[in-house]
Amino acid sequence: MTVAAAPPAGTATPAGTASAAPAGVADTNQHYDLDPEIFGLFLDSRRKYSSGLYRSEGLTLDSAQLAKLRFVADRLGLRGGERILDVGCGWGSVVLHMAAELGCRAVGVSPAGRQHAYIAARAAELGVADLVETRQGHFETLDVEPASFDAVSLLGSIVHMPDLDLVFRRARAALRRNGRLYVSESCFRNAAAHEEFDRRGGTEFVRDSIFGWGDMRPLSELVRAAEDAGFSVISVDDLTEDYRRTIEDWLVNVADRADRLDAISPGLAATLTRYLQVANAGWGFTTKHYALVCQKSR
């Protein structure tokens, strides 16, 4: 079955500016505008929808996701009070964490309407509503103040953006001098794997039936786009095994809460299980997951 999108229910904060979708992309990604309760049933308590970091024994999904958020802050060089931009902010795990733990002024961008209302409510609950802002729209066309951010992050979102060159140029333009960009993304292992597996049944199921659009480029394409935009690459981390373990934990949650997921949408648990199993099938052989950090050095 196809997971159908629900109508947007949330709105951006007054500072948000709606923007049209880039060519080839739906106005809002169908997966991310589903009922928020779905994500609460299989993700961690922060609803962080990207890889955790399992570098210590016995970590739960929640503790691995907290470790990952602290890892992102470290890679971005955040020490407290900076202004950050999180592109494809999802359910707000990055912006809410950076505001609550480091006192950062955090701006999140997402085209999915439901996510903005959820983030606003969570920011109020955490007492950081004055530090957190969201803007509804697509980063490629959204108005963003130039040279006004100390850090920009994209965790698992650039896969849904067709024009890599434009995204990296816009990220660099948004950064102050010496500001950093963090991109973590799933990638085909090399160009040959990209060509061979991009049109396989499992790949098309995830891309078309779950998300609507996506392209897992090789890491080399991300590096090229970053360098062409004028960034200096300062680190690359291999998070492939961490993401495999994250998805294993998500699969356990789907199995444990299948009845509640199917009550929201019949057959949803089976669809999520197939999606997550496909996502986990090729790690290391066809796909990898990397964290790429760049700096605006000039």
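Two strands are said to pair if DSSP finds at least two bridges between them. Helices (H or I, at least four residues) and strands (E, at least two) are DSSP runs, numbered from the N terminus.

## Basis of the model

This is a predicted model, in which local features need pLDDT of at least 70 and side-chain atom pairs count only at pLDDT 80 or more, while totals for chains, interfaces and linings use all residues. Residues are numbered from 1 along each chain as its sequence is written, and side-chain values use heavy atoms, with hydrogens and water left out.

## The sheet

The model contains an open sheet of 7 strands with mixed pairing, in the order β3-β2-β1-β4-β5-β7-β6. Strands β3 (132-136) and β6 (232-238) stand at the edges; each has a single partner strand, so one side of each is left without a neighbour in the sheet. From one strand to the next, the twist averages 15°. Such angles run from 0 to 180 degrees between N-to-C directions, and the axes are lines fitted to C-alpha atoms, for helices over the stretch in contact.

Strands β1 (residues 83-87) and β4 (residues 149-155) run parallel and are joined by 3 bridges. Within this pair, Ile 84 stands opposite Ala 151 in β4.

## Strand β7 and its partners

Which strand does β5 meet in an antiparallel arrangement with 9 bridges? The partner is β7, and there Val 293 is the bridge partner of Tyr 182. Strand β7 is also joined to β6, by 6 bridges, and these two strands run antiparallel. Here Ser 232 stands opposite Gln 295 in β7.

Strand β7 (residues 287-295) is mostly covered, since 9 of its 9 residues are buried. Buried means under 20% relative accessible area, exposed over 50%, and partly exposed in between (1.4 Å probe, protein chains only). In a regular strand the side chains alternate between the two faces of the sheet. In β7, Thr 287, His 289, Ala 291, Val 293 and Gln 295 point one way, whereas Lys 288, Tyr 290, Leu 292 and Cys 294 point the other way, and all are buried.

## Helices across the sheet

Helix α3 (residues 93-102) lies across β1, β2 (105-110), β3 and β4, and runs at about 165° to β1. Helix α5 (residues 164-174) lies across β1, β4 and β5, at about 150° to β5. Contact means heavy atoms within 4.5 Å.

## The second largest pocket

The second largest pocket has a volume of about 170 Å³. On a 1 Å grid over the protein atoms alone, a pocket is an open set of points with protein on both sides within 12 Å along at least five of seven lines, and lining residues have an atom within 4 Å of a point; a cavity is a set where a 1.4 Å probe fits but cannot get out. Grid points are joined across faces, edges and corners, and a volume is the space filled by probe spheres set on the points.

Helices α3 and α4 (113-126) each supply at least two residues of this pocket's lining. The largest share, 5 residues, comes from α3. The lining includes Trp 91, His 97 and Arg 122. It divides into 6 nonpolar, 3 polar and 3 charged residues. Ala, Val, Leu, Ile, Met, Phe, Trp, Tyr, Cys and Pro count as nonpolar, Asp, Glu, Lys and Arg as charged, and the others, Gly among them, as polar.
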